[in-house]
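Dear colleague,

My notes on what was found in it follow.

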Amino acid sequence: MSRANKGAVRPKLEQEGFFGRLSYFTSRALANLRQNVFVSAVTVGTIALALLIASLFLLVYVNLEGMAEGWSDKVQVTAYFDQEPAPLAVAAMKGRVQAIAGTAKVVFVSQAEAEKRLRSRLKGQESLLEGISPDVLPASLEIRLDRDHRDTDAVAAYVKKLKQIQGISEVQYGEEWVKRFNSFMNLFRLMGALLGSFLTITVLFIVSNTIKLTIYARKDELELLGLVGATRFFIKAPFLIEGILQGAAGAVISLLALLGCYFAFLKNAGDFLGINPASAGLSFLPATHLAGVVLGGVLLGFIGSATSLKRFINV
Amino acid sequence: MIQMHNVFMSYPPESSALADINLKIPKGDFVFLTGQSGAGKSTLLKLIYADLTPTRGQVLIDGVNLTRLSRSQVPLLRRSIGVVFQDYKLLPNRTVLENVAITLEVLGWGKRDIGKKVYHILKRMGIEDKINATPLRLSGGEQQRVALARALVNDPKILVADEPTGNLDDENKEAILSIFKEANNRGTTVVVATHDRRVIENSHRRVIRLDKGSIVHTPDFMVAGVTGSAGVCPLEEVPDVQG
């Protein structure tokens with residue numbers, strides 16, 4: 001701007017610099033919240049409700065996934081030996097198995113141990129084992145896989161490597177069960193992703209429209225600021241900070257409500273089902289997820305305000 | 001100086017608001033803009049503070065062509081122009097102090113300086129006792145003074161007012177006009193749009209009369225006591241346009 005604006009002053013706030021501006025815009029945002037209590041409460045309430053629904057879904061999903069992951073502990077590979085190896089050879093064999101990627105735990109089961117287990121399983125019917133030599137049951141290695149190696153293809157690849165070890169005659173791992181379990185998990189994750197996506201879109205829609213309405217209610221203020229010479233940034237900054245504060249407040253309220261629902265649900269479910277809630281394994285959202293919900297609220301408030309402001313600022 | 005050069009303004013789809021406007025308002029002048037409702041007075045004022053861009057032609061403020069201003073330059077221009085809107089545009093949930101302070105906050109003034117400056121301007125307007133009231137608790141005349149205070153608080157180069165005496169009684173009209181005159185005496189160029197004949201007659205200032213979007217001949221009674229042109233500037237007198 002040249003001649004016409006020689007007298008015009010660039011916005012130079014009471015406190016200069018980034019923190020000075022941040023402090024000014026934050027105090028303006030807080031004043032706006034105070035001056036528009038009802039509208040702000042509606043926005044915070046909507047964000048809190050929307051995030052509560054999303055967090056409830058997340059809580060259920062996380063617990064169900066945790067339970068399903070627990071079932072995958074049953075994925076176990078058993079490697080049978082032709083002949084029972086000597087104790088020193090057992091240690092060497094265990095070492096070679098441990099060296100295969102994906103091995104979590106290896107337990108050697110001798111022929112004697114195998115017979116002992118069989119006997120305990122047939123308690124009361126031991127006569128069935130009369131005349132059978134203990135040598136009939138082969139020695140074996142029972143191998144647990146870590147979580148990343150429990151899907152169908154990873155188990156098959158693991159077994160292939162295991163079979164290459166000399167001395168192992170046969171490997172069993174409940175191929176059908178692993179396949180069915182992994183199909184179930186894939187379906188579960190797909191459903192979770194679909195439901196989660198729909199829920200996210202719904203939450204975005206509701207929150208952005210609420211913010212749009214609240215900003216529409218203040219369009220005169222936006223118009224006036226533009227007419228007295230405020231820059232786009234000067235007009236937008238307090239509204240964006242308001243959006244962030246409202247989003248964060250909404251998220252915190254939703255988490256507090258979720259905490260209440262969680263304890264109420266656990267207590268009631270325990271009484272109703274006659275189970276110990278602790279043993280049912282239901283847990284609250286982990287810290288990372290809690291931080292995610294708060295961040296989600298902040299982003300919702302910020303993006304909702306930013307997109308709505310675009311329409312009403314005429315500078 | 002405010003200049004308009006072959007300015008046309010039409011609203012979509014095909015409603016013509018202004019047609020071939022040529023005018024020159026020198027620095028420090030006090031001009032009334034008159035005409036019936038729908039004559040184009042408000043549109044002409046909006047062109048001055050860049051709320052509208054002409055469909056054709058050029059608007060210049062102190063030699064700067066507003067049609068060539070970038071979006072980021074518009075706020076800088078508006079800071080040098082005080083505007084009194086027809087509907088006042090006071091924010092109902094803010095106090096008088098906060099309403100007037102907006103103009104200074106935009107300029108980056110500190111809180112303490114804003115308090116002093118706002119108090120002084122409200123005192124000039126005679127409403128310093130209303131500093132903590134909200135606009136809805138004020139009378140029409142008081143609201144108009146708050147709007148005037150907001151427009152004048154940063155000593156603008158130009159003051160434009162759209163029907164500032166529209167809903168006021170005679171006493172308040174006089175008071176508002178004397179504030180305009182005082183601002184003009186301090187060097188501010190004043191442009192007031194009004195269709196109130198008595199206000200114009202009593203003020204003895206230059207008049208630009210609009211009819212159906214065009215400037216028409218100004219009757220003598222409307223320029224009583226004033227010498228010189230009635231604000232209509234022949235095309236050849238408009239200087240070259242510079243951005």
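The strands concerned, β7 (residues 158–162) and β8 (residues 189–193) of chain B, run parallel and are joined by five bridges. Strands count as paired if DSSP finds at least two bridges between them; helices (H or I, at least four residues) and strands (E, at least two) are DSSP runs numbered from the N terminus.

Please note that this is a predicted model, in which local features need pLDDT of at least 70 and side-chain atom pairs count only at pLDDT 80 or more, while totals for chains, interfaces and linings use all residues. Residues are numbered from 1 along each chain as its sequence is written, and chains are lettered from A and ligands numbered from 1 in the order in which they are written.

The six-stranded sheet of chain B

Strands β7 and β8 belong to an open sheet of six strands in chain B, ordered β6-β7-β8-β3-β9-β10, with mixed pairing. Its edge strands, which pair on one side only, are β6 (81–84) and β10 (214–216) of chain B. On average, and with direction ignored, neighbouring strands of this sheet are turned by 25 degrees against each other. Helix α5 (residues 140–152) of chain B packs on the sheet, where it touches β6 and β7 of chain B, and its direction makes about 170 degrees with that of β6(B). Axes here are lines fitted to C-alpha atoms, for helices over the stretch in contact, and angles run from 0 to 180 degrees between N-to-C directions. Contact means that the C-beta atoms of two residues, placed from the backbone, lie within 7 Å.

Helix α6 of chain B

The 16 residues of α6(B) should span 22 Å at 1.5 Å a residue, and the end C-alpha atoms are 22 Å apart, which agrees; the expected span is 1.5 Å times one less than the number of residues. Its buried residues are K173(B), I176(B), I179(B), F180(B) and A183(B). They line one face of the helix, because they fall within an arc of 125 degrees when seen down the axis of α6(B); the arc is that of the directions from the helix axis to the C-beta atoms. A residue is buried if 20 or more other C-beta atoms lie within 10 Å of its own, exposed if 12 or fewer, and partly exposed in between, with C-beta atoms placed from the backbone.

The cover over these buried residues includes α4 (111–125), α5, β7, β8 and α7 (197–203) of chain B. On the other side of α6(B), the exposed residues are D170(B), E171(B), S178(B), E182(B) and N185(B). K181(B) also lies in helix α6 (residues 170–185) of chain B; it counts as partly exposed because it has 14 C-beta neighbours inside 10 Å. Just after the helix, G187(B) takes a positive phi of about 110 degrees.

The four-stranded sheet of chain B

Chain B also has an open sheet of four strands in the order β2-β1-β4-β5, with antiparallel pairing. Here the edge strands, each pairing on one side only, are β2 (15–25) and β5 (64–65) of chain B. Five bridges join β1 (residues 2–11) to β4 (residues 56–61) of chain B, and F8(B) stands opposite R56(B) in β4(B). In total, chain B comes to seven helices and ten strands, and buried residues make up 47% of its 243 residues.

Chain A

Chain A has ten helices and four strands, and buried residues make up 25% of its 315 residues. It is divided into domain 1 (14–70 + 183–312) and domain 2 (76–172), with bounds that come from an automatic or database domain assignment. The centres of these two domains, taken over C-alpha atoms, are separated by 52 Å.

Strand β3 (residues 140–145) of chain A is joined to β1 (residues 76–81) of chain A by five bridges, and the two run antiparallel; V77(A) stands opposite I143(A) in β3(A). Strand β2 (residues 103–109) of chain A is also antiparallel to β3(A), with six bridges between them, and K105(A) has R144(A) as its bridge partner. In helix α1(A), the buried residues are Y24(A), F25(A), A29(A), N32(A) and L33(A).

Yours sincerely
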